[in-house]
Amino acid sequence: MTTSDPDDAAEVRTVPVGAAVDGVDVRLLLALSEDPRGTTIALAEKVGVSRNTAQAHLNKLDRSGAMLPFERRIDPVALGYPLRAFVMTNVKQRRLGDVAAALADIDEVIEVVGLSGGADLLIQVVARDGDDLYRIAGRILDIKGVKRTSTSLVMRELLDHRINQLLRTDNRR
């Protein structure tokens, strides 16, 4: 998509603030987190609801955007991309949509978030090696509308992405 309107820059996935997630949803999400391949019947049993109730709640969670795509569970290292880096990027604001569209065309770009503060975008990239990272960073810098970038290589992951602690302390359980 090519646009000059920052509001049309990219499809934005949002869950409404205060989305109706109830106690059954929280218990189902915890059960699903513990057993991602669990059948609806097994999840329903674990949570203490009927299969139809569990299925209805899972469908609601899926439709609402509360559950992220399976693709987020795939480790890029297994695909031959052992390097991960974050590219802090400053862009011309009126070109944000074009920049987002161009970033979507770079396969090694796995996530882009808009920021407030010192940089406009935080781009997560993966690479096969240092030369590959250099090539990818160059492609980002070549995008019309990108003013400057600063690349930081991930040296070690100290705390993996996590959500269960929020589910466990949720007062709707």
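Student: Is D25 buried or exposed?

Tutor: The model is a predicted one. Burial requires a relative accessible area under 20%. D25 has 0% relative accessibility, so D25 counts as buried.

Student: With which residue does D25 form a salt bridge?

Tutor: The structure holds seven salt bridges, and D25 takes part in one whose closest N and O atoms are 2.5 Å apart. This pair links distant parts of the chain, 35 residues apart, with D25 in helix α1 (residues 23-34) and its partner in helix α3 (residues 51-64).

Student: How many residues apart in sequence are the parts tied together by E108 and R135?

Tutor: E108 and R135 form a salt bridge, with 2.8 Å between the closest N and O atoms. E108 lies in the loop between α4 (96-104) and β2 (109-114), whereas R135 belongs to helix α5 (residues 130-141), so the pair ties together parts whose separation in sequence is 27 residues.

Student: Which residues are linked with R135 in a network of salt bridges?

Tutor: Besides its pairing with E108, R135 meets the side chain of D132 in a salt bridge of 2.7 Å, N to O. R135 and D132 are three residues apart in helix α5, and therefore about one helical turn separates them. D132 counts as buried, at 11% relative accessibility. The residues linked with R135 in the network are E108 and D132.

Student: Which element gives the most to the largest nonpolar core?

Tutor: The largest nonpolar core has 17 residues, and L103, I123, V125 and I140 have the most contacts inside it. Two or more residues come from each of β1 (83-91), α4, β3 (121-127) and α5. With four residues, the element that gives the most to this core is β3.

Student: Which residues are in contact with I123, leaving aside its neighbours within four places in sequence?

Tutor: I123 is one of the residues with the most contacts inside the largest nonpolar core. Beyond those sequence neighbours, the residues in contact with I123 are A85, F86, V87, T89, L103, V109, E111, V112 and I140.

How values were computed. Residues are numbered from 1 along each chain as its sequence is written. This is a predicted model: local features need pLDDT of at least 70, side-chain atom pairs count only at pLDDT 80 or more; totals for chains, interfaces and linings use all residues. Side-chain values use heavy atoms; hydrogens and water are left out. A salt bridge is a side-chain nitrogen of Lys or Arg within 4 Å of a carboxyl oxygen of Asp or Glu. Buried means under 20% relative accessible area, exposed over 50%, partly exposed in between (1.4 Å probe, protein chains only). A nonpolar core is a set of buried Ala, Val, Leu, Ile, Met, Phe, Trp, Tyr and Cys residues joined through side-chain atoms within 4.5 Å. Contact means heavy atoms within 4.5 Å.
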